[in-house]
Amino acid sequence: MKFYITTPIYYVNDIPHIGHSYTTIAADVLARWKRLNNYDVFFLTGTDEHGAKIAAAAEAKGRTPQELCDEMSLKFKEAWDILNISYDTFIRTTESKHIKSVEKIVQTLFDKGLIFKKKYEGLYCVGCERFYAQKDLDEDGCCAFHKTKPVLQSEENYFFKLSLFQEAILERITNSSNKDYIEILPEERKNEIVGKLKLGLEDVSFSRTAIEWGIPLPFDKTQTVYVWVDALINYITGVGYPDDEERFKKYWQAEVHLMAKDILWFHSVIWPAILMGTGLATPKTVYSHGFFTLNGNKMSKSLGNVISPKELADKYGVDAARYLVVTLIPFGPDGDISWEALDLKYNIDLANNLGNLISRTIKMAEKYFELKVPDTFVELELAKKTAEILKENFNENMNKLLFHKAGEALQSAIDIVNKAIESDAPWRLAKTNTQKLAKCLFSYLQAIDVIAIHFFSFMPEICKKIWKISGASGNIEDVAKKYFADNILPEKGFSIVNSTLFQPGVLFPRL
Ligand code: MSP
């Protein structure tokens with residue numbers, strides 16, 4: 001089965017920060033999880049490079065827009081390399097294949113009579129790249145996301161007949177038995193979208209006359225395509241539209257479009273309408289997580305409180321950073337993060353809980369078994385117990401993108417093994433019952449492997465190391481795929497008896 005997941009494509013006027021990283025890591029964790037579950041995954045991310053905002057940022061730096069885009073898209077790629085993001089394609093909206101795709105969609109809508117010319121006057125927020133009605137602004141007349149006043153713009157533009165799709169979209173997002181059902185999650189945000197949709201849908205402007213940095217309309221080169229239309233179409237270009245028919249047929253529709261709540265409207269209303277107007281399938285799930293603040297403040301370059309992916313990786317290590325960022329606050333609602341909260345979670349979950357489990361197990365092998373996997377009766381009770389608790393509390397939460405809960409399940413699995421060690425008291429068994437001691441060590445190693453298999457999507461490189469500790473055979477990804485397909489532990493556990501334990505060094509140095 002295939003699974004197509006996307007992140008938003010990020011604007012290149014900003015440097016990649018922890019906000020972008022949050023969505024991208026979450027998408028990566030899900031992509032890796034689905035791969036382990038034997039899905040044929042396609043994971044798309046990239047950069048959004050046209051529009052007034054980018055043109056203004058380039059001008060402010062004395063660069064051409066294309067120069068700025070080239071430089072900044074590279075920064076996003078570097079950030080995703082640092083964070084070990086396993087995307088299949090990184091798309092840029094200035095690529096010729098994307099331009100071709102946009103032209104084709106816009107032309108199709110035009111040919112179907114869904115695009116018309118009209119004079120329009122409205123309040124435009126450049127930060128959001130969208131028009132607002134007065135009622136959508138706060139009491140000072142500012143947009144909620146940028147706290148700036150949108151400016152009055154008056155143009156003759158091409159409009160898309162969005163209003164025609166009101167009923168059809170409402171039906172698709174509210175009727176779960178519709179074969180084209182679009183699931184919007186979380187539920188509360190879906191309700192907001194439904195409420196707004198019921199108030200009516202106005203046609204939207206699909207082009208700009210004053211903005212040169214964009215894709216010219218194929219049927220009127222004096223105007224450029226509205227940047228949001230250009231951007232949304234990346235999701236089909238990324239899987240081969242329009243030329244690579246085979247790939248497009250295989251991967252489209254998206255199983256999950258992932259983003260924060262700021263851009264949910266575009267993804268759950270405007271994007272489906274464009275697709276329906278063109279005659280293409282709509283996405284299956286649109287998932288918006290919350291916005292987070294840093295110590296109670298919005299992150300911004302001017303406040304100087306932006307956390308970069310590199311800072312995170314330098315402080316905690318890449319894998320730990322991935323785990324911490326995506327599990328620190330519940331996935332869905334808004335939340336506040338801070339270095340202190342990240343440090344605390346690092347020390348509790350990783351240095352103390354997981355790190356301690358691993359170091360005490362290795363020490364035990366070293367002290368009593370010359371660092372060898374003991375050759376003993378296969379003892380899988382503990383591994384089974386660990387697998388059971390993960391099956392109950394981990395898998396479902398991962399599939400629902402509740403990463404914080406999946407993280408809690410991992411921690412309770414680790415707790416179980418740590419508690420087993422305490423109650424077995426190996427240091428006592430060493431004096432009284434060395435046979436039992438051997439069985440205990442063997443069982444801890446198998447349980448650790450079960451944990452590594454489940455932790456893998458969050459911490460791939462560390463889990464590869466953990467996998468090697470127990471002398472487990474094969475590579476962790478292949479074994480995990482088999483494990484998740486068969487849903488059963490290997491009869492003799494994962495380790496090869498008598499192999500020497502790999503010593504990975506301190507995996508999580510205490511802060
Ligand atoms: N270019 C558009 C998206 C087009 S998609 C067809 C855009 N870009 S953006 O650079 O502004 O990125 C917005 C996204 O970045 C959010 O939807 C979210 O995924 C992520 N985040 C940026 N800051 C964030 C937080 N402070 N908190 C959570 N997510 C954040 O919008």
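Predicted model: local features only at pLDDT ≥ 70, side-chain atom pairs only at ≥ 80, totals over all residues.
1. Residues are numbered from 1 along each chain as its sequence is written, and side-chain values use heavy atoms, leaving out hydrogens and water.

2. Let's start with the rings: the whole structure holds 38 aromatic pairs (rings of Phe, Tyr and Trp, the last by its six-membered ring, with centres within 6.5 Å; planes under 30 degrees apart are stacked, over 60 edge-to-face, the rest tilted). Phenylalanine 110 and phenylalanine 219 make a stacked pair, with 3.7 Å between centres and 5° between planes. Because phenylalanine 110 belongs to helix H4 (residues 96–111) and phenylalanine 219 to the loop between strand S10 (216–217) and strand S11 (220–225), the pair ties together parts 109 residues apart in sequence. Helices (H or I, at least four residues) and strands (E, at least two) are DSSP runs, numbered from the N terminus.

3. One aromatic cluster is made of Tyr4, Phe42, Tyr235, Tyr241, Phe248, Tyr251, Trp252 and Trp271.

4. Now look for lysine 118: its charged end sits over the ring of phenylalanine 159, 4.6 Å from the centre (NZ of Lys or CZ of Arg within 6 Å of the ring centre and within 35 degrees of the ring normal). Lysine 196 lies over the face of tryptophan 265, 4.0 Å from the ring centre.

5. Finally, helix H12 (residues 318–327) is mostly covered, with 9 of its 10 residues buried (under 20% relative accessible area; exposed is over 50%, partly exposed in between, with a 1.4 Å probe and protein chains only). Among the buried residues are Arg322 and Tyr323.
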